[in-house]
Amino acid sequence: MPDYKVIGKSPLRKDAYEKVTGKAVFSADIHPKGMLYGKILGSPYAHARIKSIDVSEALKLPGVVSAITGKDCPDARTSGYIHDRHILCKEIVRYMGDPVAAVAATSPETAKAALELIKVEYEELPTVFDPEEAGSVGCKVVIHEGLPKYDHIEFQGVWSSLEADRPNQFIHRKIIHGDVEKGFKEAEYIIEGRYELPRAHHCALEPHVALCVPEADGTISLYASEQAGMYHRYEMAEALGIDVSKMHFVAPHLGGGFGGKVGIMVGPIACMLAIKAGKPVRLEMTRDEVFISGNPRSPGIVYLKDGYKKDGTLVARQIREIINSGAYSTHTTVLVSAGVYGATGTYRCPNLRIDATGVYTNTPPTGPYRSLGSEILTFAIESQMDKAADELGIGKIELREKNLLVDGDVDPIGQVTYDNGTMACLKKAAAYLDLDEPRKPKNGPWAYGKGISTGNKFTAYWDTGTVAYCHVYDDGYIEIRTMHTEMGQGATTVLAQVAAEEFQTSYDKIKVVWADSAVCPYDEGTYCSRGTFVNGNAVRLACQDAKRQLFAVASKIMEVPADKLATCDGVVYEIGNRDNFRYFYQLFEFGGYLREGGTIIGKDTYLMTFEEDDRETGQSKDLITFYSYGALAFEVAVNEETGEVRILKSGGWYDMGQPINPKLVELQLEGAMCMGVGQALFEEMLFNKDGKAINANFRDYRIPTMLDVPKNDALVSGFAGQPHRMGPYGAKGIGEVSLVPVMPAISNAIRDAVGIEIKEIPLTRERILSAINAKKAAEKATAAAVEKKIA
Amino acid sequence: MKQIIKLNVNGLDYEIAAEPNETLVDVLREDLLLTGVKKGCDDGDCGACTVLVDGKAVPSCCMLAIDMQGKKIVTIEGLEKNGVLNPVQQAFIDQFAVECGFCTPGMILTSVALLNENPDPTEDEIRDALRGNLCRCTGYAKIINAVMAAKEMLKEQRKAS
């Protein structure tokens, strides 16, 4: 590894001090003069026609300043790839909680009381909640009658695709590689299964917040817990029907996101209220509103059919996936479209077909969740591979190794694999688990098992561009500006490290200004594990541009050609003659300006390369810029009398190229493993028969506490892989891939312990226990039948 | 009807007008602008709004402001003294126990209360004491490391004095 000054080291987080002292500013912490509190009225029905809305009584309540309904909102629909949503419902409500009105008042209590005075008359409509029924041919309940006439936006290789006979299906994404029918004919062993992942919630600790400040000059300032950076600013301007230059967007610190803060939710409503009131309005979702309307992970159903040769060679794989987007398409379109790469980035398969679909139902809208659908397909694939290994009599590691894509292989989207570290990760995970060790004998009700899984997460295909600025100051400080958001992942720290390395200067001399559209250049935002790679590269390029300018200035003063100059620790020096140097301040006038050219601001765009994929087959020679890879091992104990699962060991190894800040990467890995434990074992949003969420709080929807996750000596993580040829200093993203293999690894360990495959996540005690009881009953029935036969 | 209540927060006395049903978290955040107190669920389930009341860690969303008269309240803003961080704060920085930072104030204050009561907790005791503080980012391992490190720093401090 090259000898870096700052890269690969773990300087302390840039934002640690402000966060441990309570000084860090989150959106809900901002309190401008005259601020009002907003509240949203949601629909009490899962599907209904609004006959009338009357807010006049609410407006009479002292302290209520504005009240709005769909009539006050723009006629144009907006949001995501299909513009299927008004800011507030105009005619139809499509899920229980769908916003129909909102008020702004001088106190939150008054706003809440005002909601009760709003009179809405509804006419109930028939509902459909089951995604397979909703996606069926000729489904009687049609959730968006106007779907074919809506605006369908094609953006970065994602497009909707309608089929006339399936009225609730809005995307059908296909990957066709080789000839899957021929593949199954060649196969000597075929295995099939139906797998299901539930609606799991991000549960970022910070609820969604938007604070809108209507400025005196007509600018609308929005401070919001939003992941999507400058993209969000454009989305907001479009939703409100205002000029983009009048839309000022700031994302202060985000209290976690995990995909749940992508896309417009409370922002437009806060803005409509504020514009109407002429005063700042802060709209904070309550926790139950976050659970219901915070776009949790889309539930997925996967039908998986695999064909192997007897020696374990995978020759055919067919996947049909149904993703439940809920009442609106949000960013599920991209989850369906791009989630498929979870099934194409890890294993070789000459004949593969995927048909992935997204459908509307009358449940609350859903969307991406830390891995964008990769985890849904990976759960099915890795679970079924484990079972196939047993049935083929091949080792679980051996079967995986046999089929892993290695550098030079053509993957199932037609792209040549390179810099793929899965094998190295798998070897480390297997060694940690010590699979050759004889199985632990049962201890009372406790049965022991081990499970392993690989996983990948693609990042950012298509021609994604990102811009960074680099401002060089006379006192030796370097200021990086980026529209990238900081939501805990450590972007500001990592980007500062990149800039410090570029300038060969101290990390402390780097300042990062982020996520304020008034001063920062374009970035799409924090998602898809793209930040380190895309913004890291943009920062490098901007720094290089700034250095060119710096050396041009210094060249004149020092009378040395610019290409013979370099910089370190706040000086410019002559290469080969370190005694000839100037401090930065010696290049500037007093006040930090230049005699010519003003100042030094480097800027550049990092653009990813791509080759558009074929629309019918999804094939391309150069589509995915990079995959991050990993393999994960779990050892569990399962109580056969209660269904309880205890995690005894967990170890994950990941290839994210060169880790820029290893401690921050470790945090991501440990965090994802524990988040995955909750998802695997108990997290699921539940609804009653009317479509009402029945566990929209932390008591009924539990997320792991300190007592639910592996203890420190049982939570092991590490890196295995190699620098990526295009990453900044060889770095790739890590945030999402770290979650992908957790659910299948735990599920496989449980299957190993109790000998039953449960194809439905979460693996709750009830589910495990009923599977064990069903198995016992079946065994008893078989024994009885045998006895009867003998008798 | 609003009433004038007296609160002692971070060593300072405040008189504020509050509704009888107003919770401590809302008064601290919206009236005293002590926004280091976070509101994650408003239901006592997440621990983000934890403050110290007479040294005990409590969820401020479950406390009525009016009942807090005559008690000493400490929020995250009150831990740093004369520019020196509380050892728990310093340990959270040093051990990388911070990610998004939303659970951090509550996590730190609960740890401070724990170490006041039990100066030498084991990992299990730390996990038990902090079980009411949810964190979605870190997986908790580095938070445990931070409390362990803070415990050692405090031991050193006690030895030195």
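Two strands pair if DSSP finds at least two bridges between them. In this predicted model, β3(B) and β4(B) are joined by 4 bridges and run antiparallel.

Chain B holds 5 helices and 5 strands. Read from the N terminus, its elements follow the order β-β-α-β-β-β-α-α-α-α. The radius of gyration of chain B is 16 Å, close to the 15 Å given by the globule rule for 161 residues, so chain B is as compact as a globular protein of that length. Along the principal axes, the C-alpha atoms of chain B fill a box of roughly 50 × 35 × 25 Å. Of the 161 residues in chain B, 56% are buried. Contacts across the sequence were also examined. Among those in chain B between residues at least 6 apart in sequence, 60% join residues at least 24 apart.

Chain B is split into two domains, domain 1 (3-78) and domain 2 (87-160). Their C-alpha centres lie 22 Å apart. Contact between them involves 15 residues of domain 1 of chain B and 13 residues of domain 2 of chain B. On the side of domain 1 of chain B that touches domain 2 of chain B, β3 (50-53) and β4 (56-59) of chain B each supply at least two residues. The largest share of that side, 3 residues, comes from β3(B).

Chain A is assigned three domains. These are domain 1 (30-125 + 221-256 + 261-283), domain 2 (300-461 + 613-773) and domain 3 (464-607). The C-alpha centres of domain 2 of chain A and domain 3 of chain A lie 39 Å apart. Their contact takes 21 residues from domain 2 of chain A and 19 residues from domain 3 of chain A. On the domain 2 side, β16 (446-459), β24 (626-639) and α15 (662-681) of chain A each supply at least two residues. That side of domain 2 of chain A has 11 nonpolar, 7 polar and 3 charged residues.

Two open sheets of chain A were examined next. One has 4 strands in the order β19-β18-β17-β23, with mixed pairing. Its edge strands are β19 (510-514) and β23 (600-607) of chain A, and each pairs on one side only. Neighbouring strands of this sheet are turned by 20° against each other on average, direction ignored. Inside the sheet, 4 bridges join β17 (residues 465-472) of chain A to β18 (residues 478-482) of chain A, and the two run antiparallel. Here A:His471 stands opposite A:Glu479 in β18(A). Helix α13 (residues 491-502) of chain A packs on the sheet and touches β17, β18 and β19 of chain A. The direction of α13 makes about 135° with that of β19(A).

The other open sheet has 3 strands in the order β20-β21-β22 of chain A, with antiparallel pairing. At its edges stand β20 (565-568) and β22 (577-583) of chain A; each has a single partner strand, so one side of each is left without a neighbour in the sheet. Neighbouring strands of this sheet are turned by 35° against each other on average, direction ignored. Strand β21 (residues 571-574) of chain A pairs with β22(A) in the antiparallel sense over 4 bridges. Within this pair, A:Glu574 has A:Asn577 in β22(A) as its bridge partner.

Helix α14 (residues 531-558) of chain A lies across β20, β21 and β22 of chain A, running at about 115° to β20(A). Helix α14(A) also lies across β17, β18 and β23 of chain A, where it runs at about 145° to β23(A).

Note on methods:
Residues numbered from 1 in each chain as written. Chains lettered and ligands numbered in written order. Predicted model: local features only at pLDDT ≥ 70, side-chain atom pairs only at ≥ 80, totals over all residues. Domains from an automatic or database assignment. Contact = placed C-beta atoms within 7 Å. Axes fitted to C-alpha atoms, helices over the stretch in contact; angles between N-to-C directions. Rg over C-alpha atoms; globule rule 2.2 N^0.38 Å. Buried ≥ 20, exposed ≤ 12 C-beta atoms within 10 Å, placed from the backbone. Nonpolar A, V, L, I, M, F, W, Y, C, P; charged D, E, K, R; others polar.
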